[in-house]
Structures are given as structure tokens and as C-alpha cells.
Amino acid sequence: MAKFIIKQSGPLTGEVEISGSKNAVLPIMAATLLTAEPCEIDDVPHLKDVEVMCEILRSMGAVVREDWDTHTLFIDTSGLCTSEAPAELVKLMRASIFIMGPLIARTGSAKIALPGGCSIGNRPIDLHNKGLRQLGAEIHMELGRVKASAEKLEGALVYLDFPSVGATENIMMAATLADGITTIENAAEEPEIVDLANFLKKMGARIKGAGTDTIRIEGVPELHGTKHPVIPDRIETGTFMVAAAITRGDVLIKNAIPGHVRPVMAKLMECGAVVNDEVDGLRVRGDLKPLVATDIKTLPYPGFPTDLQALFMALLATVEGTSTIIETVFENRFMHAPELAKLGANISVNGLTATVSGNEYGLRGASVTSTDLRAGAALVLAGLVASGRTEVSDIYHIERGYEDLVSKLRALGADIERAEDDETGAFED
Ligand code: EPZ
């Protein structure tokens, strides 16, 4: 197994280019199942999760060509020969569930193992099932698998008890080929929903309201192939914004969309960082004045993103004062707290609330473990400011969701390298 070896680094400075969005490209790849015509997806991040989705599509008969020089995928599902996805692939990531709606709409059936993914909560799929049943699908759970079938999907009114991103995406995709009109109420409003809707509309789907809490889809008989560039990754953007602040650096984040990270900008400025929307990108400075504590409450978009909660916990552990973090989206998303504590952070967790007593020079290098994708990223950033040397293990979590993280950080001045578990790294001790 591989690990990251990180030494205390100075302030990060320079510029970084944000890759395409993991959470936009994965449902868009699944949406190619809705047509037998070829699709081209551009600005695709080269990530483990993208590779897994490519393999899932190939296992069902699709032809998928990857061009990582141009960050382009060419996907042709005309050869789709089954509506069953292999469990060993599906269990590798939560996003596998995105193929359920398109498969039912295209073939009338789907057989999928319950998806895996981060252990940040039990992550049921009851809202996915509720919406697809309201469109007319019969869905049974048996032996850890979801079996779905539908003669023909009929448009319906679907109310989501929680604005689930994945459920909104699955139901929206299925509804594009249903008879009649589907309205999703209390829909998720994330930018990745809008990007998926834009892809579907280029395929000929009729969708209004994506990005609001009410999405209206008028079904059409069939969809055609298209070409689409994926939006930049707002969570990677936020990760580098925090990296600039936690190291008290000065970083220009190119290719970022400021409108996708407003809560992150607001919270960093509350802490005393300076964030400017410049011509070439977002410039984040943590070096202009001492940073101070603030409070965070995660919410569905446009609230503060749960995916950046761990990153902010690392930052708040290094600023003077006491901060409160409330996690409202997932029920088990503080697994990074004990790992940050191994680095010297002073954090107490009580249910869905974490209290962080920050100290600018309180972190000391240690060996820590990534428990999930964003927790791992938080440990990397903490390692950059901890004294001495930090080793972060189980980095496969991190490599699922960040493209070229080591080279991007090193280009900004970070002392970080990737090594196998039995290696001690190039650093002198
Ligand atoms: C997506 O996960 C993202 N993943 C997550 O990013 C992100 O944290 C999450 O949305 C929230 O923004 C992808 O897009 C691949 P949800 P998803 O359905 O769709 C509950 C990352 O780090 N729920 O909005 O699984 C659920 O348990 C990942 O990139 C139900 O109860 O999230 C959770 O508590 C982590 N029943 C809450 O809703 C359901 O049927 C939000 O889940 C579905 C969800």
C-alpha cells in the first residue's frame, strides 16, 4: 500500500489549475447509457473513480476510449448487452448507483450490488428507490443487491424527503425517457446537478429548473449522442483555497468558478484570509493578517459543503481561538478528528458537533491514516504545517478524488512525496 510522506513546508505560493469535477463527470458517464449513440466528454479528471466507472460501462458492453493527453472520454454504449453490473466493481464506489436510473430507462431493468464508497454514513438508497418506484419501476432489495424492472416509466411528482444529490441525479436521468412530465420537488441544487442537466439537454432531454429545488423533466422518446466539457471541481478548488490559508500562503487558483464556492470564500474571509476574484482565477492569501476562529455548519448546496468540512477542521486547528463545526449532511463524518488529534489538534466531538481549540503552532508530525477521501486530504494539509514529518497512509482514498495532488502541491512549494509503505522516503530524517 502507498503513503504520502510530508514535511513541514513554508507558505504555499504560485498558481494551480483545477481539474474537472469528479462529482459531475461520474453521473455524466452513467448518463451515456441513455443513448445508443456515441458521446464525448472533455476536461475529465484522471481519477481512480473515473477508471472504475469506465470498467463498469465496459463490463456491460460499452466501448470506452480514454485519452488522458486531452482528458477526453469517448463512450459508445450501442453494444450494451446486460443490465447487470459486476458487484466487485460496483462496491468500489458510491457513484456506481448512478447507473440504475439510466439502465431502467434504456433497458427496462437493472441489477446492481449495493454501492460502496466512503464510510461517512450508512448512505442508504431509499430516496433513489422511492423516486424510481414513483416513475413506475418495481424495485426489490435481495442479498445486498438492487433488482429493478419497469415495462415503461411514467412521469410523476417526486418529493425528496432530503435533497439528495444522487437521488436527484438518478431520478432526473430516468425521467428523461419516461412518458409524460416528472417534477422533482426538494431537489438537490448542486452545480453538478446543473452540469448533468446541461449534458442531458445536449442529448435532447427537456429539463427545466436544474439548480433550483424544483426540477421539471418532460420525457422524450429517445436521446442522441453529444459532446460536453465537465465543470471544474469545486471541492478541489476549496481544497486548494484551504491549502493557501492553512500554510499562510498566496495561491492563485485558475479555472475555478467563484459562484460554486461562495460559502468557502465567505468562511475563509471570516477567518481573516483574503480572497479575491481576479481575472486569472481566485487568489487566496493567508499571509496578510493572523487567522482567527469561526464556526461552520454544513448544509446542502448552496450552504457550506460537507465535502470541505474536514479540510476546514484542519485549518481551524491551526488558528487561535475556539471554533464549532456542525455536520448536518452525514451522520459519521468526523473520522478525521482523531487522526488530526494524533498531529496535536485539540478537537472534541459530541454527536454532530465538533469543537476545535486552535493553536497556530500546535501541530507535530505523526503517522496518520486516511479514513475517507476528504479526511485524507485534510491530513495532507495538516501535515504541511505540522512540525517535522507526517506520514499519511491508505492514500487510495485520496487518489480516488484528487488528480495529481502531489505534483500540484509540490509546484506550490510543498514537501510531499508518494512512497510505498515499506519506504522511508527521500527526506533525510
Ligand atoms: C454526493 O453523494 C457526493 N458524491 C458526495 O461527495 C457529497 O458529499 C454528497 O453528494 C453531498 O453533497 C458524488 O456525487 C459521487 P446524498 P451522495 O445522496 O449522492 C442521505 C466526495 O467526497 N440519503 O446527497 O451519496 C445520505 O445518507 C463525496 O466527493 C438518504 O438518506 O449524497 C446522506 O446523509 C462524499 N437516502 C444525505 O442523504 C438516500 O436515498 C446526503 O446524501 C440518499 C441519500
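Reader: Before anything else, what counts as a salt bridge here?

Author: A salt bridge is a side-chain nitrogen of Lys or Arg within 4 Å of a carboxyl oxygen of Asp or Glu. In this structure, which is a predicted model, Asp49 and Arg400 form such a pair, with their closest N and O atoms 2.8 Å apart. The pair joins distant parts of the chain, since Asp49 sits in helix H2 (residues 48–59) and Arg400 in helix H13 (residues 396–401), 351 residues apart.

Reader: How many salt bridges does a search of the whole structure find, and which side chain does Arg234 meet in one of them?

Author: The search of the whole structure gives 24 salt bridges. Among them is the one in which the side chain of Arg234 meets that of Glu192, at 2.8 Å from N to O.

Reader: Into which domains is the protein chain divided, and how far apart are their C-alpha centres?

Author: Domain 1 is made of two stretches, 2–18 and 232–420, while domain 2 covers 22–229. The C-alpha centres of domain 1 and domain 2 are 30 Å apart, and their contact involves 22 residues from domain 1 and 24 residues from domain 2.

Reader: How much area do the two domains bury between them, and which three residues supply more of domain 1's share than any other three?

Author: Between them, domain 1 and domain 2 bury about 1900 Å², of which 54% is on carbon and sulfur atoms. On the domain 1 side, Tyr301, Arg400 and Glu403 supply 36% of the area buried against domain 2, more than any other three residues. Across this interface of domain 1 and domain 2, the rule finds two salt bridges.

Reader: How should I read the packing of helices H8 and H10?

Author: Two packed helices are described by the angle between their axes and the distance between the axes. For helix H8 (residues 234–246) and helix H10 (residues 309–316), the angle is about 5 degrees and the axes are 10 Å apart. Because angles under 35 degrees count as roughly parallel, H8 is roughly parallel to H10. Thr239, Val242, Ala245 and Ile246 of H8 make the contact with Leu311, Phe312, Ala314 and Leu315 of H10. By class, the contact of H8 with H10 has seven nonpolar residues, one polar residue and no charged residues.

Note on methods
Residues are numbered from 1 along each chain as its sequence is written. This is a predicted model: local features need pLDDT of at least 70, side-chain atom pairs count only at pLDDT 80 or more; totals for chains, interfaces and linings use all residues. Side-chain values use heavy atoms; hydrogens and water are left out. Axes are lines fitted to C-alpha atoms, for helices over the stretch in contact, and angles run from 0 to 180 degrees between N-to-C directions. Helices (H or I, at least four residues) and strands (E, at least two) are DSSP runs, numbered from the N terminus. Angles under 35 degrees count as roughly parallel, over 145 as roughly antiparallel, 65 to 115 as roughly perpendicular and the rest as oblique. Contact means heavy atoms within 4.5 Å. Ala, Val, Leu, Ile, Met, Phe, Trp, Tyr, Cys and Pro count as nonpolar, Asp, Glu, Lys and Arg as charged, and the others, Gly among them, as polar. Domain bounds come from an automatic or database domain assignment. Buried area is the accessible area (1.4 Å probe) that two parts lose on being put together, summed over both.
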